[in-house]
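Thanks for taking a look at this one with me. Below are some notes to read alongside the structure, point by point.

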Amino acid sequence: MTSRPARKRFGQNFLHDANVIGHIVASIDPQPGDHLVEIGPGRGALTKPLSQLCNKLDVIEIDRDLAADLEQQDWARRITIHRADALRFDFAQLIDSAEQGADAGSAMRLTGNLPYNISTPLLFHILDHYHLFSDIHVMLQKEVVQRMAAGPGSRTYGRLSVALAARCHVESLFTIKSGAFQPAPKVESAFACLSPLAVPLVQPEEWPVFDEILRCAFGQRRKQLGNALQPVMDSAAIAAAGVDPKQRAEQLTVHDFVSLTRIARR
Ligand code: SAM
């Protein structure tokens with residue numbers, strides 16, 4: 001495959017360490033009947049081994065040159081390449097008619113060594129579609145995975161941690177040194193697995209208010225909730241949710257945020 005220079009604007013850091021690639025594929029553990037979706041196949045480091053282990057693989061790549069190179073590969077005949085921006089991609093279109101029906105929900109599995117330059121917006125976009133997947137394995141900057149998995153009281157606990165905790169169980173699986181990539185990124189990476197909760201803590205109709213509360217609360221995380229949440233609810237409403245308005249966002253559990261959402265919606 002032609003080795004085009006990596007494009008920084010697309011967050012291209014290609015995996016080239018066979019041991020690391022093997023470890024990632026083993027963690028995903030594709031099964032013959034699986035329908036996998038990969039964001040950012042790049043030069044196919046993960047795509048090729050994944051394609052050999054599963055039934056169906058859809059890949060979404062924004063870089064048209066890389067997508068064209070992939071298409072030239074013999075092994076790539078088994079996959080479907082979507083030239084598209086994953087940030088705007090509607091993953092529901094990938095569910096085929098055979099998968100629709102009673103359990104259409106979590107029919108697919110999502111994975112990707114994600115472009116680090118758009119990691120937070122991409123994670124929020126994935127969260128909008130999380131119910132389509134039985135699990136989601138992603139490689140990201142180590143600090144982002146720490147934020148994803150953080151709990152109350154931690155410096156890294158924030159909007160992303162709570163938004164994820166309401167919908168998924170987050171597990172950081174292992175870290176990867178920058179030498180495993182070409183070009184080597186300046187940061188260490190981590191591989192994480194998100195498993196959607198059987199019953200999410202927040203229902204779809206509650207998401208807009210829940211997200212608004214998280215934005216206000218963590219947008220001014222040093223402020224007491226009574227002040228930070230003023231655009232959404234007053235101190236009496238916060239207290240009615242069983243939360244002390246003198247507390248700050250980083251002290252609250254995901255369940256506290258759910259209680260605030262239920263009161264604010266009334
Ligand atoms: N999977 C390959 C690997 O592990 O070697 C490449 C990973 S590289 C970190 C990120 C990949 O995502 C690149 O192929 C890049 O072109 C692609 N990408 C970047 N932004 C994207 C976007 N918005 N939508 C889809 N693909 C994107």
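1. Let's begin with aspartate 96, which is partly exposed in this predicted model, its relative accessible area being 25%. Its salt-bridge partner is lysine 56, with the closest N and O atoms 3.4 Å apart. Aspartate 96 sits in the loop between strand 4 (79-83) and strand 5, while lysine 56 belongs to strand 3, so this pair ties together parts that are 40 residues apart in sequence. Lysine 56 is partly exposed as well, at 24%.

2. Next, please find aspartate 63 and arginine 7, whose salt bridge has its closest N and O atoms 2.8 Å apart. The two are 56 residues apart: aspartate 63 is in the loop between strand 3 (56-61) and helix 3 (64-71), and arginine 7 is in the segment before strand 1 (14-15).

3. Arginine 77 and aspartate 74 meet at 3.2 Å, N to O. Arginine 77 has a relative accessible area of 69%, and aspartate 74 has 57%, so each counts as exposed, the cut-off being over 50%. Elsewhere, shared partners join Arg7, Asp63 and Asp65 into one salt-bridge network. The total count is 15 salt bridges.

4. Now turn to strand 5 (residues 108-113). Why can it be called largely enclosed by the rest of the structure? Because six of its six residues are buried. Both faces are covered, with Met108, Leu110 and Gly112 on one side and Arg109, Thr111 and Asn113 on the other.

5. Which strands pair with strand 5? Strand 2 (residues 35-39) runs parallel to strand 5 and is joined to it by three bridges; here glutamate 38 has threonine 111 as its bridge partner. Strand 6 (residues 133-141) is also parallel to strand 5, with six bridges between them, and arginine 109 is partnered by aspartate 135. From strand 5 the chain passes through helix 4 (residues 119-128) to strand 6, making a right-handed β-α-β crossover.

6. Finally, the whole chain. It has 10 helices and nine strands, and 48% of its 266 residues are buried. Along the principal axes, the C-alpha atoms fill a box of roughly 65 × 45 × 30 Å.

Key:
Residues numbered from 1 in each chain as written. Predicted model: local features only at pLDDT ≥ 70, side-chain atom pairs only at ≥ 80, totals over all residues. Heavy atoms only, no water. Buried < 20%, exposed > 50% of the residue type's maximum accessible area, 1.4 Å probe, protein only. Helix = DSSP H or I, 4+ residues; strand = E, 2+ residues; numbered from the N terminus. Pairing = 2+ DSSP bridges. Right-handed = clockwise from strand over helix to strand, strands pointing away. Salt bridge = Lys/Arg side-chain N within 4 Å of Asp/Glu carboxyl O.
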